[in-house]
Amino acid sequence: MFKLKFRPDTDRDAIVREMLLHPLGYLRILSIICSSVVFGCVVDRLNSVYRLDNLVYRYQCAFNNNGNCCKLAIAVGVIGFVISLMFLVKDVLYHAVDFSENFNFKVLMVLVDAAVHIPTGLLWFASFSFSADQWRKTNKNDLQGLSLVNRGNAVVAFSFFCVLLWLANVVINMILMICLMLKRGGRSRGYASFPEGSDSVHPDGPSTS
């Protein structure tokens, strides 16, 4: 069990600012926006990629009438949204804890971050591939209005953006892991480049001084 020790020299606003200015902070916010667009466009049935079948008076998925495609887009979009929010909170904790006392905990958080985003990124890739294929087969003339076409295009486009965002998240976490190890090694050897108590090195975000 980890016994967390928080940084005594940094207030709450500074921690949040560090988190938002960190590359992962930008990725979290973009991931939340893109995930919201994907499942929001599909869930909003009256003006979205669902359409009304005038014969049976029910909503059908506009992606080639394939309900599984819409269900997958909704599911992956919601999962991506929730994960991004959860790890946004994780980022605040990551920047709040002291490096020297909680090195193993920080390493664990980075590993969990990467481990969660790898399978989720694969889900995004599957959703993007499925929706793009079904959208290609869809007769756009059957859709009710330009709004449905635009929202269908948005689902495909933002699903692709999410694939890139999740891939970037894994890459940055791997770089962050290397930086943590270098910072740890520098402190253990007493290198001047990693002075004790300094939080200006990349793994803890930009300097607040």
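Buried means under 20% relative accessible area. All views show a predicted model.

**View 1. Burial of Cys41.** Cys41 has a relative accessibility of 10%. Because this value lies under the 20% cut-off, Cys41 counts as buried.

**View 2. The disulfide between Cys61 and Cys70.** The structure holds 1 disulfide, which joins Cys61 to Cys70 with an S to S distance of 1.9 Å. The link of Cys61 and Cys70 is right-handed, with 75° about the S-S bond. Both partners are buried: the relative accessible area is 4% for Cys61 and 0% for Cys70.

**View 3. Helix H3 and its start.** Helix H3 covers residues 67–96, a run of 30 residues. At the start of H3, a side-chain oxygen of Asn66 comes to within 3.1 Å of the backbone nitrogen of Asn68.

**View 4. Packing of helices H2 and H4.** Two packed helices are described by the angle between their axes and the distance between the axes. Helix H2 comprises residues 23–43 and helix H4 comprises residues 103–137. The two helices pack at an angle of about 30°, and their axes are 15 Å apart. Because angles under 35 degrees count as roughly parallel, H2 is roughly parallel to H4. The crossing of H2 and H4 is left-handed.

Terms used:
Residues are numbered from 1 along each chain as its sequence is written. This is a predicted model: local features need pLDDT of at least 70, side-chain atom pairs count only at pLDDT 80 or more; totals for chains, interfaces and linings use all residues. Side-chain values use heavy atoms; hydrogens and water are left out. A disulfide is a pair of cysteine sulfur atoms within 2.5 Å. Buried means under 20% relative accessible area, exposed over 50%, partly exposed in between (1.4 Å probe, protein chains only). Helices (H or I, at least four residues) and strands (E, at least two) are DSSP runs, numbered from the N terminus. The expected span of a helix is 1.5 Å times one less than its number of residues. A polar contact is a pair of N or O atoms within 3.5 Å; within protein, one must be able to donate a hydrogen and the other to accept it, and residues adjacent in sequence count only if both atoms are side-chain atoms. Axes are lines fitted to C-alpha atoms, for helices over the stretch in contact, and angles run from 0 to 180 degrees between N-to-C directions. Angles under 35 degrees count as roughly parallel, over 145 as roughly antiparallel, 65 to 115 as roughly perpendicular and the rest as oblique. A crossing is left-handed if the near helix is turned anticlockwise from the far one by less than a right angle, and right-handed if clockwise.
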